[in-house]
Amino acid sequence: MCLCMSFRKLSSLKPQLDKLGVPLYAVVKEDVGTEVQNFRPYFKGEIFLDEKRRFYGPRLRRMGLLAFMRLGVWLSGVRAFRKGFIGNVLGEGFVLGGVYVIGRGQQGILLEHREKEFGDKVDISEVLKAARKIPQ
């Protein structure tokens, strides 16, 4: 659920990123059923499937079942549900995600936002600020 909200929010930057010459990509860890197809209406960039989870690094960041005892997780879920986003309970759903703005050449990572809990969203103004640092 929260992933759709994040995808839609990041996609709102697509026109500005296009003007800057910065592509918008998503990397997902699995495609259960029609999951990736279901995200496409919310995400305007290209979606890559990383079944071997190489992009996720040598150590996956996870939240276990105790995550559901955190107030922030419940509030994010309720917020998503109220906005009409319905998720699924299929597949492996405990790996935390993130948002990265990666510069050209030797610039490296210009912004790194790692989820601390499910539904922890990046500040899109910070994404745009970092993207503006990439030379055209």
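Predicted model: local features only at pLDDT ≥ 70, side-chain atom pairs only at ≥ 80, totals over all residues.
The protein contains 5 helices and 4 strands. Followed along the sequence, these elements come in the order α-α-β-α-β-α-β-β-α. The protein has 136 residues, and 35% of them count as buried. Contacts between residues at least 6 apart in sequence were also examined, and 61% of these contacts join residues at least 24 apart. The accessible surface of the protein amounts to about 9,000 Å². Carbon and sulfur atoms account for 57% of that surface.

The interior is considered next. In soluble globular proteins, nonpolar side chains tend to be buried together. In this model, the largest nonpolar core has 22 residues, and the members that touch the most others are Leu-17, Leu-111 and Val-127. At least two residues of this core come from each of helix H1 (2-11), helix H2 (14-20), strand S1 (25-28), helix H3 (35-39), strand S3 (98-102) and helix H5 (124-131). The largest share, 4 residues, is supplied by H5. When neighbours within four places in sequence are set aside, the contacts of Leu-17 are Val-22, Leu-24, Leu-128 and Ala-131.

Helix H5 was then examined residue by residue. Its residues Val-127, Leu-128, Ala-130 and Ala-131 are buried. Viewed down the axis of H5, the buried residues fall within an arc of 160°, so they line one face of the helix. An α-helix has 3.6 residues a turn, so residues three or four places apart point the same way.

Within helix H5, Ala-131 has a relative accessible area of 1%. Ala-131 counts as buried because this value is under 20%. Apart from residues within four places in sequence, Ala-131 is in contact with Leu-17, Leu-20, Val-22 and Val-101. Tyr-100 is 31 residues away from Ala-131 along the chain, and the C-alpha atoms of the two are separated by 10.0 Å. Ala-130, another buried residue of H5, is 21 residues from Ile-109 in sequence, with a C-alpha to C-alpha distance of 9.2 Å.

Ile-109 belongs to strand S4, which spans residues 109-114. Not counting residues up to four places away in sequence, Ile-109 touches Tyr-100, Val-101 and Ile-102.

Charged side chains were examined for pairing. Side chains of opposite charge can pair when their charged atoms come close. The structure holds 2 salt bridges. One of them joins Asp-18 to Lys-14, with 2.7 Å between the closest N and O atoms. Both residues lie in helix H2, where they are 4 residues apart, about one turn of the helix. Asp-18 has a relative accessibility of 43% and therefore counts as partly exposed.

A salt bridge also joins Arg-114 to Glu-112, and here the closest N and O atoms are 2.5 Å apart. The relative accessible area of Arg-114 is 42%, so Arg-114 is partly exposed. Glu-112 is likewise partly exposed, at 42% relative accessibility.

Glu-115 is situated in the loop between S4 and H5. With a relative accessible area of 16%, Glu-115 is buried, because the cut-off for a buried residue is under 20%. Val-99 is 16 residues from Glu-115 along the chain, and their C-alpha atoms are separated by 8.4 Å.

Gly-97 is situated in the loop between helix H4 (71-82) and S3. Its relative accessible area is 23%, so Gly-97 is partly exposed. In sequence, Gly-97 and Val-28 are 69 residues apart, whereas in space the distance between them is 8.9 Å, C-alpha to C-alpha.

How values were computed
Residues numbered from 1 in each chain as written. Heavy atoms only, no water. Buried < 20%, exposed > 50% of the residue type's maximum accessible area, 1.4 Å probe, protein only. Contact = heavy atoms within 4.5 Å. Areas by Shrake-Rupley, 256 points an atom, 1.4 Å probe, with all protein chains shown as cover. Core = buried A, V, L, I, M, F, W, Y, C linked by side-chain atoms within 4.5 Å. Salt bridge = Lys/Arg side-chain N within 4 Å of Asp/Glu carboxyl O. Arc of directions from axis to C-beta.
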